[in-house]
Amino acid sequence: MNIPNRKASDFKSDIDPIWCPGCGDYHVLLSLTKALAQLGRAPEDVAVVSGIGCSSRIPAYTSCYGFHGVHGRALAVAAGLKVARPDLTVLAMSGDGDGFSIGGNHFLHACRRNVDMTYIVMDNRVYGMTKGQPSPTTEPDWDSALSPGGTGLSPFHPLVIALASGANFVAREFSGNIKACTATIVEAIRHPGFSFVEILSPCVTFRPDEREWKTQVHKAVVEATDDPARAARRIMTDDGFNTGILYRGRREPYFASVAERLDDVAPLERAFEI
Amino acid sequence: MNASSSPPTVARSVSFAIVGTGGAGAVTAGSLLLEAAGKAGWYGVMNRSVGPQIRGGEAAALVRLSPRPVSCMSKRFDILVAIDWKNADRFIHAMPVAGGGLVICDPAAGEPPRELREADCAIVEVPLGELAKSIEGGRENMIAAGLVAELLGLPDDELGEVVARRLGRKGASAVETGLACIAAGRAAAQGFGRSLPLEPAAPSGARRWLITGNEAIGLGALRGGLQFAAAYPITPATDVLEYLAPALAKIGGALVQAEDELASINMIIGASFGGRPSLTATSGPGLSLMMESLGLAAASETPIVVIDVMRAGPSTGIATKSEQSDLNIAVYGFHGDAPHVVLAPLGVADCLFTGQWAMHVAETLQTPVIVLSDQSIGQSRVLIDRPADVAFLTRRKAYEPAVQSEYRRYAVTADGVSPMALPGQPGGQYTADGLTHTERGAPSSSRHDQKAQMDKRLHKIESFDYGDHWGIDEGQGDMVILTWGSLTGAAREAQEALAGEGIGVRLVSLRQILPFPHARLAEALEGARRVLFVEQSHSGQFQRHVRAHMELPFEIRSLNREGPDLIGPDEIASEIRDWNSK
Ligand SMILES: Cc1ncc(C[n+]2csc(CCOP(=O)(O)OP(=O)(O)O)c2C)c(N)n1
Ligand code: SF4
C-alpha cells in the first residue's frame, strides 16, 4: 500500500492553544499529530470529538474535522459519527472530569458497545478549566477550596473499569513520553473496536506536584495480553504509573453502520396499505 | 333485554369498546374489525387502553368507525362488549355507554359494574365462554368480533379476508376456528332483534392506509431523508423507534439504542455532523434530559429532529396518557438565546407530513427541530386515504471547495444559512463548536462574534419561507376556535357539528409553534370577535405562548385542562353554543 508521506505539522491548525505553558496537553497534541502522520490518512478523513475542559479544546488545534461538544458527551457524539460514517477515523478526547465524572455512564457503555474508535483521556487528576477541583481520579487527601482536606473518596480506576466494561484495547501512557504516546495512539487507532488510552497529562497550574510524574512513570515490563483476566490482575495491582499497551482484545466491533441510502421508500409505504 | 322492533336508523359514526383482561384478545378483535372496516370502505380510529400493569391488567380496544374520515375517539360508546369484568372498576368510568347503547357480556363473568346497571343502556347477556368452548380452539374475543360485525353490518367477505390473512400464519385450522367463532358471534347477534348499522361508505378511489401516528411520523421522516436514529425507550414514543429500527435497516440506515437520552441526542448530533439526516424520539422526561445538547445543536448549527410524543407530566406523570404540556420546555427550555423550530402534527394522518417537513426544515436551516406529537395521536391507529406525496427539495447547503479563500463554516450569509462541509471533504475541515465562535469556527469571546452569530442564527429561522404549512384556517364566522397540534381533529368535528346547527365558527390551528407565525395568525384572526382557546394543558401553555407574541383584542375564553381526560368535540361545541347564546 502506498502511504502518502505526511508530517505531524500537516495535522496542526493555526489556532494557538489556550493552555498554560508547561501543560501536559501540548505533548498530547504533539503525539496525536505524529501518530496521525504515521497512520497516513488525510486530515479530512479524521474526526476529533471532545467535550468540555482544557483538554477538550484539542480538536480545534488539529487540522482534522473537529467537534467540540458539551461537557461529558464526547463519546456519544463520536459513536454516532462513526456509525453514520464508518469510512472515517474517529477519535474521542476528554479530560478525567469530562470522561469519568459527568460522562462516566457513556464511558461504560462505549466500552460495552465497542464501536471501532479510539478514546484518549488526558488524565490530570483535577478539573483544570474550572480552576482546581477534585476529579474522580484525584487522590482522597488532595486539598482544595471546594473539598477542604480532600474528598476522602477512593479514586476511580479508569483502566480496570474499561476492561471490565468490555473495551477492546487498554493502554496507559505519560504525555511527556512523546515516542511511546505516539506509538500507542497509532496502535489504538489500528486496533478494531473501542480502544481506550489513558494519558497521564500534568496540570502544572493546579497540580504542580504532577511535574514529578516524569520520574514516577515506568514502562510495563510485560507484553500486552489478550486475556482479560490476566490484564485485570496486572492493572489492579499496578501503581497507576505503569505505562504501555496492557490489553488487546479480540471482540468483534459494533455491527451497525449507515450505508449509502436507497432512496425508495415506496416499499415501506406499502406495509400500511390494506 | 331492551329489544326494539322498529327498523334501525343508519348511523354516521359508531363507537364500540371490547374489554377484557390483558391476554383475552380484546385488542386483537378490535384491530381485526378496524382493518375489515377499512376494506369495506369505512374510515375509523382505534385506541388501546391498557392499565398500568405491564401484563395481565385490563386491556380494551376502543374503536370508532364512520363513512367519513374521523380523527378522534368519541367520548361515549354505542356498544361495549365485555369478555370479562376483571378490573372493570379501574376503567369503566372512562368508557361511558351512550344513551340507548348496548352492553354485551357473559352471564358467567358475573354482574356488570353498577355504573352500567344504572345507566340508560340495554344489557344483553351472551354466553361468550360457552360459545367459544363449543368450537374447538375457539376464543371469546373472536365471538365478540362476530357480534360487533353483525351489529354494524360489516360484510363477511372483508372480515373473512382479514381473519384469513392475520391468522393464516398459525395454519389453516386457526383460520377455520376464527371464522367459526365469528359466525357464532354473528348468529348470537341476530337474536338480539336490534342492530346499529353504519351508513355504507361511498366508494373512494384512494388506496386506504391503516397506520398509527407514531408509525406515520417515522415514515414521514424517512420520506424526508432520515438515515440515522438513536434513542432510549420511553412510553409513548417507543413505537416510533420500534417502527424505525427495521425500516431504517431496509434503506441502509441504522438505529442505535443509546444508554440514555443524553447519549441519544449526542449520537444524532454526531451522525448529522457526519452528513446523515438524523432524529431521536422521546417523551417529556427524555426531552428534559436533552435540553443542554439541543442548545449545542442550535449553536453548532447541526440539523437534528427530536420527536417528543408528549404524555401527562410533570415528572413521570402518567406515562400512558396524553397531554399537550411540553410546549413550554420545547419553546423556552433552552438556556441562552437559541433560535430553533417547534412543529406539531395536526392529527394522526398529519404526522406523516409533519415528520417529513421537520426533516426538511432541520436540514435546510441546519437547526434543531422539535416535533410535539402526543400519546393521543401517536398511539391511535387510523384508517385514512393514502396521504398525498409531498416533494420538498431537501438539501443541506453544501460546501464547495473554493481555491483562493479559506473556508468559513459559520460565514454570515444573506439567508443566514452557511455552507456546511462534511468530514471527508478536503479543505472543509473545521471544528463545530458550542462555544461562541468566529465565522471560521474558532472559539471567541468577542462581543462582535457573539452578536454576529446570534443575529445570523435568528435570521435564518425567521426569514425562512414556511409556506402555507404554518397551520390551518377553515370556515367562517366571528367566533374562532384557536388550537394546536393533536386537538385539531376534535375541534374540526365540533366546527362541523355547529355548522350543521347554523352556527358558523372558524377553526384556526397551529402546526408551526416556533418561530411564531405572527403574520399568518393575525390574518387568520382578522374580523374575529371571540376566540376560544382549546388545549390539553392545565396552565394554558398555548394561550400564554400566543399572548407572548401578539395582542389579542378579542373576547377570550379557554377550554383547557390537564390529561388524561381528553377534550372532545362535544365539549368544544357546547362551549361555543353556550357562548353564542350570550
Ligand atoms: C454541564 C456542565 N457542568 C459544568 C461545567 C463546568 N466545567 C467546565 S470544564 C469542567 C471540568 C473539566 O475537567 P476535566 O474534564 O478534567 O478537564 P481539564 O480541564 O482538567 O482538562 C467543568 C466542571 C460545564 N461546562 N458544563
Ligand atoms: S489549568 Fe491545568 S490543565 Fe488547564 S491548561 Fe493549565 S495546566 Fe493545562
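**Entry: K75(B) and its partner**

I began at K75(B), which is partly exposed at 31% relative accessibility. This is a predicted model, so I kept in mind that side-chain atom pairs count only at pLDDT 80 or more. I looked for a charged partner and found D565(B), in a salt bridge with K75(B) whose closest N and O atoms are 2.8 Å apart. K75(B) sits in the loop between β3 (58-66) and β4 of chain B, and D565(B) in the loop between β21 (555-560) and α19 (569-580), so the pair ties together parts 490 residues apart in sequence. D565(B) is partly exposed too, with a relative accessible area of 42%.

**Entry: strand β4 of chain B**

I moved on to β4(B), residues 77-82. How many of the strand's residues are buried? I got 6 of the 6, so the strand is largely enclosed by the rest of the structure. Next I checked the neighbours of β4(B). Strand β1 (residues 14-21) of chain B pairs with β4(B) in the parallel sense, over 4 bridges. Strand β5 (residues 97-105) of chain B also runs parallel to β4(B), with 5 bridges joining the two. I followed I79(B) through the pairings. I79(B) is the bridge partner of F16(B), and L102(B) in β5(B) is the bridge partner of I79(B).

**Entry: domains of chain B**

I noted the division of chain B: domain 1 (14-190), domain 2 (210-380), domain 3 (397-463) and domain 4 (467-580). I then looked up one separation. The C-alpha centres of domain 1 and domain 3 of chain B are 59 Å apart.

**Entry: the A-B interface**

I turned to the contact between the chains. Chain A contributes 46 residues and chain B 64 residues. Together they bury about 4,600 Å², with 61% of it on carbon and sulfur atoms. Which three residues of chain A supply more of its buried area than any other three? They are Y65(A), F272(A) and I274(A), which supply 20% of what chain A buries against chain B.

I counted polar links next. The interface has 6 salt bridges and 23 residue pairs in polar contact. On the chain A side, the elements giving two or more residues are β2 (65-68), α2 (74-84), α4 (104-113) and α9 (266-270). Of these, α2(A) gives the most, with 7 residues.

**Entry: E269(A) at the interface**

I picked out E269(A). It forms a salt bridge with R223(B), with the closest N and O atoms 2.5 Å apart. The pair crosses between chains, from helix α9 of chain A to helix α8 (residues 213-223) of chain B. Is E269(A) buried or exposed? E269(A) counts as buried, at 6% relative accessibility. R223(B) counts as buried as well, at 15%. I also found R386(B) in a salt bridge with E269(A), at 2.7 Å, N to O.

**Entry: inside chain A**

I checked T89(A), which lies in strand β3 (residues 89-95) of chain A. T89(A) is buried, with a relative accessible area of 14%. Leaving out residues up to four places away in sequence, T89(A) touches R41(A), D45(A), V46(A), A47(A) and I189(A).

I then looked up D87(A). The side chains of D87(A) and R85(A) meet in a salt bridge at 2.9 Å, N to O. D87(A) is partly exposed at 40% relative accessible area, whereas R85(A) is buried at 10%.

R125(A), E139(A), R207(A), D209(A) and E210(A) are linked in a network.

Terms used: Residues numbered from 1 in each chain as written. Chains lettered and ligands numbered in written order. Predicted model: local features only at pLDDT ≥ 70, side-chain atom pairs only at ≥ 80, totals over all residues. Heavy atoms only, no water. Domains from an automatic or database assignment. Buried < 20%, exposed > 50% of the residue type's maximum accessible area, 1.4 Å probe, protein only. Pairing = 2+ DSSP bridges. Contact = heavy atoms within 4.5 Å. Buried area = accessible area lost by both parts, 1.4 Å probe. Salt bridge = Lys/Arg side-chain N within 4 Å of Asp/Glu carboxyl O. Polar contact = N/O pair within 3.5 Å; in protein donor to acceptor, adjacent residues only side chain to side chain.
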